[in-house]
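Reader: I should like to learn how to read the features of a structural model. Where might we begin?

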Amino acid sequence: MEGDLFSGLSNGNQVDGKVLQTFHKSFGQVQDILDQNRLLINEINQNHESKIPDNLTRNVGLIKELNNNIRRVVDLYADLSNNFTRSMEPSSEGESSGILKSNGKANSKRIRSG
């Protein structure tokens with residue numbers, strides 16, 4: 001199924017398994033953080049609705065945690081973008097860039113620099 005997600009990229013080429021594992025791991029981390037954020041938001045809303053001073057004070061820390069989590073998600077997506085971009089570029093040695101043709105064979109084209 002993951003192969004289907006990335007098939008068709010780069011003129012019908014497929015991304016290799018290592019790249020897919022990295023994406024899968026990063027998306028899993030993002031999903032975990034988003035799930036935690038959902039719980040934080042629910043608690044923040046309950047505290048706000050309660051109007052109890054201690055609960056409102058607690059919201060300060062919860063909102064800081066929420067903001068930090070959002071920063072982590074942004075960083076993870078930035079890393080994903082950079083990793084994806086690198087996976088689509090040819091390597092400096094002129095070897096295949098980790099991209100396989102749709103027939104599963106490595107791209108044998110060499111790219112000369114300069």
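Author: Let us begin with a point in the backbone: lysine 51 comes directly after α3 and has a positive phi, near 60°. Please bear in mind that the model is predicted.

Reader: In which part of the chain is lysine 51 found?

Author: Lysine 51 belongs to the loop between α3 and α4. Its positive phi occurs in a residue other than glycine.

Reader: Is lysine 51 buried or exposed?

Author: A residue counts as exposed when its relative accessible area is over 50%. Lysine 51 has 55%, and is therefore exposed.

Reader: What secondary structure does the protein chain have as a whole?

Author: The protein chain has four helices and two strands. Their order along the sequence is α-α-β-α-α-β.

Reader: How should I judge the span of helix α3?

Author: One compares the expected span with the distance between the end C-alpha atoms. Helix α3 covers residues 17-50, and its 34 residues should span 50 Å at 1.5 Å a residue; the end C-alpha atoms lie 49 Å apart, so the two values agree. For helix α4, residues 53-88, the 36 residues reach 53 Å from first C-alpha to last, close to the expected 52 Å.

Reader: How is the packing of two helices described?

Author: Two packed helices are described by the angle between their axes and by the distance between those axes. Here α3 and α4 pack at about 160°, and their axes are 9 Å apart. That angle makes α3 roughly antiparallel to α4. The crossing of α3 past α4 is left-handed.

Reader: Which residues of these two helices are buried?

Author: In α3 the buried residues are Val19, Leu20, Phe23, Ser26, Val30, Ile33, Asn37, Leu40, Ile44 and Asn47. In α4 they include Asn59, Leu62, Leu66, Asn69, Val73 and Leu76. Over the protein chain of 114 residues, 22% are buried.

Reader: Why does asparagine 59 count as buried?

Author: The cut-off for a buried residue is a relative accessible area under 20%. Asparagine 59 has a relative accessibility of 6%, and so counts as buried. This residue is placed in helix α4.

Reader: Which residues does asparagine 59 touch?

Author: Leaving aside residues up to four places away in sequence, asparagine 59 touches Glu43, Ile44, Asn47 and His48. Ile44 and Asn47 are among the buried residues of α3. Asparagine 59 and leucine 40 are 19 residues apart in sequence, with 9.3 Å between their C-alpha atoms.

Reader: What can be said of contacts and surface across the protein chain?

Author: Of the contacts with a separation of 6 or more, 48% are between residues 24 or more positions apart. The protein chain exposes about 8400 Å², of which carbon and sulfur atoms supply 51%.

Technical notes:
Residues numbered from 1 in each chain as written. Predicted model: local features only at pLDDT ≥ 70, side-chain atom pairs only at ≥ 80, totals over all residues. Heavy atoms only, no water. Buried < 20%, exposed > 50% of the residue type's maximum accessible area, 1.4 Å probe, protein only. Contact = heavy atoms within 4.5 Å. Areas by Shrake-Rupley, 256 points an atom, 1.4 Å probe, with all protein chains shown as cover. Expected span 1.5 Å × (residues − 1). Axes fitted to C-alpha atoms, helices over the stretch in contact; angles between N-to-C directions. Parallel < 35°, antiparallel > 145°, perpendicular 65-115°, else oblique. Left-handed = near helix turned anticlockwise from the far one by under 90°.
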